[in-house]
Amino acid sequence: SKTISKCYVQVTGMTCASCVANIERNLRREDGIHSILVALMAGKAEVRYNPAVIHPAAIAELIRELGFGATVLENCGEGDGILELVVRGMTCASCVHKIESTLMKTNGVLYCSVALATNKAHIKYDPEAIGPRDVIQVIKDLGFTTSLVKKDRSASHLDHKQEIRQWKRSFVVSLVFCIPVMGLMIYMMVMDSQLSDAHTHHNMSTEEMEALHSSMVLEYQLLPGLSVMNFLSFLLCVPVQVFGGWHFYIQASRALRHKTANMDVLVVLATSIAFLYSSIILLVAMAERAKVNPVTFFDTPPMLFVFISLGRWLEHVAKGKTSEALARLISLQATEATIVTLGPDNVLLSEEQVDVELVQRGDIVKVVPGGKFPVDGRVIEGHSMVDESLITGEAMPVTKKPGNTVIAGSINQNGSLLISATHVGADTTLSQIVKLVEEAQTSKAPIQQFADKLSGYFVPFIVAVSVVTLFAWIIIGFVDFEIVEKYFLGYNKSLSAAEVILRFAFQASITVLCIACPCSLGLA
């Protein structure tokens, strides 16, 4: 007796339908190969062969000789069909048992579980031996009504509108407050450089005096220790911290709950520390009625949030574009198919309308002029022109005659065709394209995974460095106070040495945190 085995081969390097035809044509000629079916998008070939004559490794070698890459897929359960059904009319556990036992006895059903509470049945079957319509018929014969679980065809899970909106809002809020902060900062820088020039050349002109004067306006103290500059920066910084940083805070807290440190944790850590440290230093200065205005970091949070929310916004816009294209693709799928039964000499005996999900491999499907092809298949009878522009982008209709392949979703134009289904359900070209795009969207770019992994080490590392800085300066200060005096300008002379050292050490360590944390890694 001729036993027939089945194997799957992963094929790489196929670019178009003619590659598929080439492989199928050449392999059919070989001894021991019963049939071969190649799926272009999935890059898979399903071969049925006679193990007495040929083995899978030899089959892969034959494909390689044609100029493609080929590897045999071990334990490939991809061939299993999965069926989700709603079963009505079950009353008790014995009904469940009756359905399950009958189905398990049926040839081709691999696994079956029925839940009484939800009226659902989950069935795995071998598409070679049995199809979804046969399974439904078995359940109907037992006296239950059954229907398919309706799939959501709208691709709503790919919608990025809400994220686009929220990141755009974050970006705009941050930008509005960031511009004045940057303006103030640049103005101060320019003025500082003029000041230092003035100190070097003692002969100052009146314009320079005026320039100095205007720079003093920003340094002017509203309250002792609180300059106009710092007060304005503080006011501009608060809304950014709250509105611009809202999503970052949420995501960072989630990450920390799972004991990981990602990008968001970095951003939040840096901005919060910069903001809190600057606020506290201001309060201390006011309490002490300091003459010299403290150095604050209010410019860090707004600028950081601007760059990062802009990046996130652009990323979601790009994703949204792909999703729109995908939703359009999904909407191209036909929802129903006309299945016909043929008698001898291809005489039509009967036809019925069924859901696309119920078409099984080997079914004869009739496609009328103007209709969509519900599944991938081969033409058995009829001549027509077909518009395949959805897959190929070719506007000219393609002639189809018996033996040609057709693609699901393409549109039949002038003749009626009978096709034999070769790829159904999730195996059609269209479903594979949708699946590829979905996978591309959900997977991270390798560089992004690398950055997340790095920031996992980076955050603790920077925190450690700043702690080291803190203790290093405390030790240096107590060993040699003059070094601290040299770098810590304008401190309050009335303070004790220990307090000065502690304050300087804190300032140094916080500066390390503010500067190191976000910038390079986050923005990149």
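**Reading exposure, helix faces and sheets**

Analyst: Leu-222 has a relative accessibility of 45%, so this residue counts as partly exposed. The model is a predicted one.

User: Which element contains Leu-222, and which residues form a nonpolar patch on the surface?

Analyst: Leu-222 belongs to strand 9. The nonpolar patch consists of Tyr-220, Leu-222, Leu-223, Phe-231 and Leu-235, and together they have about 490 Å² of accessible area. Two or more patch residues come from each of strand 9 (221-223) and helix 7 (228-244).

User: How does one read the buried face of a helix?

Analyst: Since an α-helix has 3.6 residues a turn, residues three or four places apart point the same way. In helix 2 (residues 56-65), the buried residues are Ile-59, Ala-60, Leu-62 and Ile-63. Viewed down the axis of helix 2, these buried residues fall within an arc of 155° and therefore line one face of the helix.

User: Against which elements do the buried residues of helix 2 pack, and which residue follows the helix?

Analyst: Their packing partners are helix 1 (17-28) and strands 1 (5-12), 2 (33-39), 3 (44-49) and 4 (69-73). After helix 2 comes Gly-67, with a positive phi near 100°.

User: What is the strand order in the open sheet of three strands?

Analyst: The order is 16-15-18, and the pairing is antiparallel. Strand 16 (398-400) and strand 18 (411-412) are the edge strands, each pairing on one side only. Strand 15 (residues 384-387) is joined to strand 18 by two bridges, and Val-386 stands opposite Asn-412 of strand 18.

Definitions and conventions. Residues are numbered from 1 along each chain as its sequence is written. This is a predicted model: local features need pLDDT of at least 70, side-chain atom pairs count only at pLDDT 80 or more; totals for chains, interfaces and linings use all residues. Side-chain values use heavy atoms; hydrogens and water are left out. Two strands pair if DSSP finds at least two bridges between them. Helices (H or I, at least four residues) and strands (E, at least two) are DSSP runs, numbered from the N terminus. Patches are made of residues with over 30% relative accessible area and no salt bridge: like charges are joined within 9 Å, nonpolar side chains (Val, Leu, Ile, Met, Phe, Trp, Tyr) within 5 Å. Accessible areas come from the Shrake-Rupley method with a 1.4 Å probe; for residues, only the protein chains shown count as cover. A salt bridge is a side-chain nitrogen of Lys or Arg within 4 Å of a carboxyl oxygen of Asp or Glu. Buried means under 20% relative accessible area, exposed over 50%, partly exposed in between (1.4 Å probe, protein chains only). The arc is that of the directions from the helix axis to the C-beta atoms. Contact means heavy atoms within 4.5 Å.
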